Amino acid sequence: MEIKSQHSGLLGSIQNTYQQYLGNSFNLETGEFDSDAAQEIIQKERGNLNIVLLGATGAGKSSLVNAVFGDNVVRSKDGIPVTQYLEKIHIPKKGLTLWDTKGIEAKDYEATKEQLINDIKTGFQTAFDSGKDDEVPHVAWLCIKESSRRIEGREFELLDILRAFGIPTVIVFTDTEAEAGQTFYTQAVAKLNEEYGAFLKNRFVRVNSVSYSFRGMTVPIEGLEDLITKTESCLADADRNTENQKAKHIEALRKAQQVDTKQKKKSMTEGAQKCVHLAAGAAGAAGAIPIPFADAPIIAAIQGKMIFAINAEFEMEMSKNTTLSIIAGMLGSTALATVGKTIVSSLMKFVPWAGSFSGGAISAVTAAAITEAVGQAYIQVLLSFFNDKTGKVEISDNVIEILSLFKNYYQKPELSK
């Protein structure tokens, strides 16, 4: 009885491991994989980076965001209202949410100032009260148009709010004018440092989001790399966050941005590899089930979720049908479809108790190794379509071409016998 009790406890632990990975995306009774549920789980697991955008209309917030995160990532009417003067713009494929302020215009500001400030405070307080890391603002960009040649009282009032809530902030001077704007920039930095030096920690940046002509000269796009560096510094200094949260936010920024495509590619690849390792661990647990052939549908579901997770890391917008076709083709190309478990392993599981754990161990290694190999090969497929200039995976929906590349990259693991 004691042996059976130990066996039951271990089986429960094994089931918990793969069930925790799959969540409600797999029906154990029917053996069905719900890809929509899997993608919802993946989105939650990825987390979210929240950036607050502050500045008057015309300060260049939209062009700044599009320059940093990709063309037309922000479009009009994309936002979800939080309060009358605060809205959230969700960009799921990038794991990014932008908090945008409305109504901060010089002509209307004094009339609406009290409600506007209260709305912003209410939005922030509600987020922090939730206690959810994915809901709270992580960093703020306060945009000041350099060509305006002045800092308004509203900028100071907005900084007061950010400082009160402890939201690390970068001051972004937009629409810069090279030497012509240097005097204003120097004076503005000095003025802001007088009151907010300890809070801002010299995080000032001059940015041109788009190239334009000024007094017969072409002013190029510049300052975006400095903005990314200063933003990472903010995320690393967020006192309220754990070290794991800080690292998670920085990685989210590196994946989402389009400024440094080499770093983006590196971060995407590392994120995808973590997805593969997690899936391999879950597959290993499923392979250890002491019931002959019961693990094959579960391992297939695990590998299916893994492929969707890798796609998410690379910001893929591949159709669900194409992805499912690729998953089916991959399973047909690997040992899982024809073997799943080694014959020796399966036969051992018919021996009551004594052989079940031994058989499970062999199958666990097999399932984990195949899943790892499938994931690593698929990552290489996507990297082969990665455009280093645009920072995007430019891949077609040609399943045959994708599977052909997969077969070239897939290295059959040495399976235990």
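Let us begin with a pair of side chains: Asp175 and Ser147 are joined by a polar contact of 2.7 Å. A polar contact here is a pair of N or O atoms within 3.5 Å; within protein, one must be able to donate a hydrogen and the other to accept it, and residues adjacent in sequence count only if both atoms are side-chain atoms. Before going on, please keep in mind that this is a predicted model, where local features need pLDDT of at least 70 and side-chain atom pairs count only at pLDDT 80 or more, while totals for chains, interfaces and linings use all residues. Residues are numbered from 1 along each chain as its sequence is written, and side-chain values use heavy atoms, with hydrogens and water left out.

Back to Asp175, which sits in the loop between β8 (169-174) and α6 (178-200). Helices (H or I, at least four residues) and strands (E, at least two) are DSSP runs, numbered from the N terminus. Asp175 is partly exposed, with a relative accessible area of 25%. On this scale, buried means under 20% relative accessible area, exposed over 50%, and partly exposed in between (1.4 Å probe, protein chains only). Along the chain, Asp175 and Val210 are 35 residues apart, yet 8.5 Å separates their C-alpha atoms.

Now zoom out. The protein has 15 helices and 13 strands, and 52% of its 417 residues count as buried. Taking contacts (heavy atoms within 4.5 Å) between residues at least 6 apart in sequence, 71% join residues at least 24 apart.

Next, follow helix α2 (residues 35-46). Its twelve residues reach 16 Å from first C-alpha to last, close to the 16 Å expected at 1.5 Å a residue; the expected span is 1.5 Å times one less than the number of residues. At the start of α2, a side-chain oxygen of Asp34 comes to within 3.1 Å of the backbone nitrogen of Asp36. Buried residues in α2 include Ile41, Ile42 and Arg46. After the helix comes Gly47, with a positive phi near 80 degrees.

Of its 26 lining residues, Glu45, Arg46, Lys255, Lys274 and Glu313 lie nearest its centre. The elements giving two or more residues to this lining are α2, α8, α9 and α10 (296-313). A pocket is found on a 1 Å grid over the protein atoms alone, as an open set of points where a 1.4 Å probe fits, with protein on both sides within 12 Å along at least five of seven lines; lining residues have an atom within 4 Å of a point.

One of those elements, α10, has 18 residues and reaches 26 Å, close to the 26 Å expected. Because 15 of its 18 residues are buried, α10 is largely enclosed by the rest of the structure. Just after α10, Glu315 takes a positive phi of about 55 degrees.

Glu315 turns up again among the contacts of Lys264, along with Lys94, Lys255 and Gly391. Lys264 lies in helix α9 (residues 261-287). Is Lys264 buried or exposed? Lys264 is buried, with a relative accessible area of 0%. Its side chain makes a polar contact of 3.1 Å with that of Gln258.

Our last stop is Asn241, in the loop between α7 (224-236) and α8 (243-256). Asn241 is buried, at 11% relative accessible area. Beyond its neighbours within four places in sequence, Asn241 is in contact with Asp133, Lys246 and His249.
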